[in-house]
2 protein chains.
Amino acid sequence: MPISFDKEDMKRLDEVVATRHHVKQGELLFRDGEPFKSLFAIRTGFFKTSVSTPDGHEQVTGFQMAGEIIGLDGIVTDQHSCNAVALEDAEVCVMPFANVEELSREFPVLQRHVHKIMSREIVRENSMMLLIGNMRSEERLAAFLLNLVQRLHARGFSQSEIVLRMSREEIGSYLGMKLETVSRAFSKFSDEGIIEVKQRYVGILNAPALKKIVNPTGCV
Amino acid sequence: MPISFDKEDMKRLDEVVATRHHVKQGELLFRDGEPFKSLFAIRTGFFKTSVSTPDGHEQVTGFQMAGEIIGLDGIVTDQHSCNAVALEDAEVCVMPFANVEELSREFPVLQRHVHKIMSREIVRENSMMLLIGNMRSEERLAAFLLNLVQRLHARGFSQSEIVLRMSREEIGSYLGMKLETVSRAFSKFSDEGIIEVKQRYVGILNAPALKKIVNPTGCV
DNA sequence: AAGCCGTTTTGATACACATCAAAAGATAGT
DNA sequence: ACTATCTTTTGATGTGTATCAAAACGGCTT
C-alpha cells in the first residue's frame, strides 16, 4: 500500500483483513448461488473461477494468484455467480465487504484502490473477449503463456519458466478451445523450439517469437 | 434511486450529473488511450464499446442503452481502454469520477450503487465469455436477441419487437462470428418461423423456441 | 426517378478446430 | 512393484464457420 497511515489507522485497516482461511487443493472457496459476504485476497496458492451453462458445460473465467482479489462477481446480487476452486493449497484473507465499504468511505486511497481493482477486472475481461472472439488457437495460447509469465515474474518468479497449476482442459476452457487443441498447440510451439514442455512445466525459450504469434505485425 | 434524500442532499447529488453532453450518431464519446475523467450515464440513445488488436481488428465489447453507465474501463489506468461510439444520436450525463468518489464517501447508498454497477459489468462479461467460448453461432444470436428484448422491455419497449441499432458486422464482432454467419442465422430463424426479419427490424414470433435454442435442455 | 453507395443475403468452397479413438505417460493406491 | 485411473499426446475424420464471390436490397443524392 503506497500511502502511510498512522498506527490507529493501520489497526483499523488491519481489521478488514483480520481473518484468514485455508483452502485445500480442489476445494471450493465459494460457489455459484452462495450468498455473498466477503471478498477474498489470495495470500498464497492458485485459484480458478468458472461459470456453467445449465447443461453442465463449464467456462473458466479466470485464473488468480497471490495478491489478486476474488469474489467481485457477488456484489451485484449479493450472491456469487461463479465458482472459485483452489488449484493448489491456498490461503486467503477474508474481507467482509461491509467492512471494505465502511473503510472505503473513511480512506479515499482505499476507495480508489477498490475501484481500480474492479475496473482492472472489467478491462481484463474486455481483452479476453477480444482474445476468444478474434484470435486463433495458437495466438490464444501464446497470449495466455505470456500473460502468465508476466504475472508470475511480477511476483518474483522466473521470467521464462512456468509450472502450470491447471490441466489442459482448464486452459482450453479458459481460452475457448478443446484440450486436444491446447495440447497440439503446445506440441507445435515445442517443435518450433519456442517453448520446452514437460507435462506442466513450460520453459519459454523464445519470448519474442511468442509475442510475434500474438501480434504478427510486431510494430511495437 | 430508491432512497429518499433531503433537499440539500439532492442538490449535492444533482451536481454530479449536472452537465450533459450530446453525441451524434457515429461520433465517439471517448476513445482508447484518452485520459479518463468521467463516467457517462446514457440518458437517450444507443452506444457500442469496442477494443482493437494492434493490427486493426475490432472486437465489440458491449452495446449500451438508456440508463446504463459507460467509462468504467478508464478507472484502473486513468486512461480509457476502449472506444465508445454512438449508434444513434444520444445524450449522456457527464459524471466527473472525482465527484462520484467524493459523494460515494458521503452517501453509502450511492457507494453501494457504484459497486453494484461495476460488479454487474464483471458478471455480464463472465457470461459473454461463456457465450463466445462455449456456444455455437445460432445459440449466440438467440441469446443476444433475448438479452436485447429483455433490456428494451425493461425500458418500456415491446417485448417482441426490436429495431436493431447496429449492423450485422457489429453483431458478429460482439458475438465472435462473421457478418455472413450472423445473416445466415437470422435467415434460418426466419425460415423456421421463430422470428420475422426485415432489415434492422426483428419481430420475435416464438420466444420459447429462442430460449430452447440457447438452452436445449429447457429444464427451467 | 435514376444512379450510386453501403448493407445484407445467398451460394460455393476452404480451412481451423472439434470430435472420435487409441496409445503413451504420469500418479496414486494396495 | 503392479494395477487402476487420470492426464496428455497423437492420429484420422468430420463439421461449423470463415472466406471468397456475386447478386439483391435499401437509403441517399441529385
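**Reading the contacts in a two-chain model**

User: Let's start with one pair: how far apart are the closest N and O atoms of R165(A) and E88(A) in their salt bridge?

Analyst: A salt bridge is a side-chain nitrogen of Lys or Arg within 4 Å of a carboxyl oxygen of Asp or Glu. R165(A) and E88(A) make one, with their closest N and O atoms 2.9 Å apart. Keep in mind that this is a predicted model: local features need pLDDT of at least 70, side-chain atom pairs count only at pLDDT 80 or more, and totals for chains, interfaces and linings use all residues. As for labels, residues are numbered from 1 along each chain as its sequence is written, chains are lettered from A and ligands numbered from 1 in the order in which they are written, and side-chain values use heavy atoms, without hydrogens or water.

User: Which domains does chain A have?

Analyst: Domain bounds come from an automatic or database domain assignment. For chain A, that gives domain 1 (7-128) and domain 2 (136-214). Going by C-alpha atoms, the centres of these two domains of chain A are 25 Å apart. Their contact (heavy atoms within 4.5 Å) takes 16 residues from domain 1 of chain A and 12 from domain 2 of chain A.

User: How much area is buried between domain 1 and domain 2 of chain A?

Analyst: Buried area is the accessible area (1.4 Å probe) that two parts lose on being put together, summed over both. Here, the two domains of chain A bury about 1,300 Å², with 56% of that from carbon and sulfur atoms. On the domain 1 side, F63(A), M65(A) and M128(A) lose the most, together 42% of what that side buries. The count of salt bridges between the two domains of chain A is 4.

User: Which element gives the most residues to the side of domain 1 of chain A that touches domain 2 of chain A?

Analyst: Helices (H or I, at least four residues) and strands (E, at least two) are DSSP runs, numbered from the N terminus. Four elements of chain A each supply at least two residues to that side of domain 1: β3 (38-52), β4 (58-65), β6 (83-96) and α3 (108-134). β4(A) gives the most, with 8 residues.

User: Is R151(A) buried or exposed?

Analyst: Buried means under 20% relative accessible area, exposed over 50%, and partly exposed in between (1.4 Å probe, protein chains only). R151(A) counts as buried because its relative accessibility is 13%. You'll find R151(A) in helix α4 (residues 137-154) of chain A. Leaving aside residues up to four places away in sequence, R151(A) touches F63(A), Q64(A), M65(A) and E68(A). Its side chain also has a polar contact of 3.0 Å with that of E68(A); such a contact is a pair of N or O atoms within 3.5 Å, and within protein one must be able to donate a hydrogen and the other to accept it, while residues adjacent in sequence count only if both atoms are side-chain atoms.

User: What about A143(A), buried or exposed?

Analyst: A143(A) is buried, at 17% relative accessible area. A143(A) sits in helix α4 of chain A too. Beyond residues up to four places away in sequence, A143(A) touches L131(A) and V214(A).

User: And how many residues does each chain bring to the contact of chain A and chain B?

Analyst: Chain A brings 46 residues and chain B brings 45. Together the chains bury about 4,300 Å², 61% of it on carbon and sulfur atoms. In chain A, R105(A), I122(A) and M129(A) lose the most area to chain B, together 16% of what that side buries. Between the chains there are 6 salt bridges and 24 residue pairs in polar contact (both at pLDDT 80 or more). Two or more residues of chain A's side come from each of β3, β4, α2 (97-106) and α3. The largest share, 20 residues, comes from α3(A).
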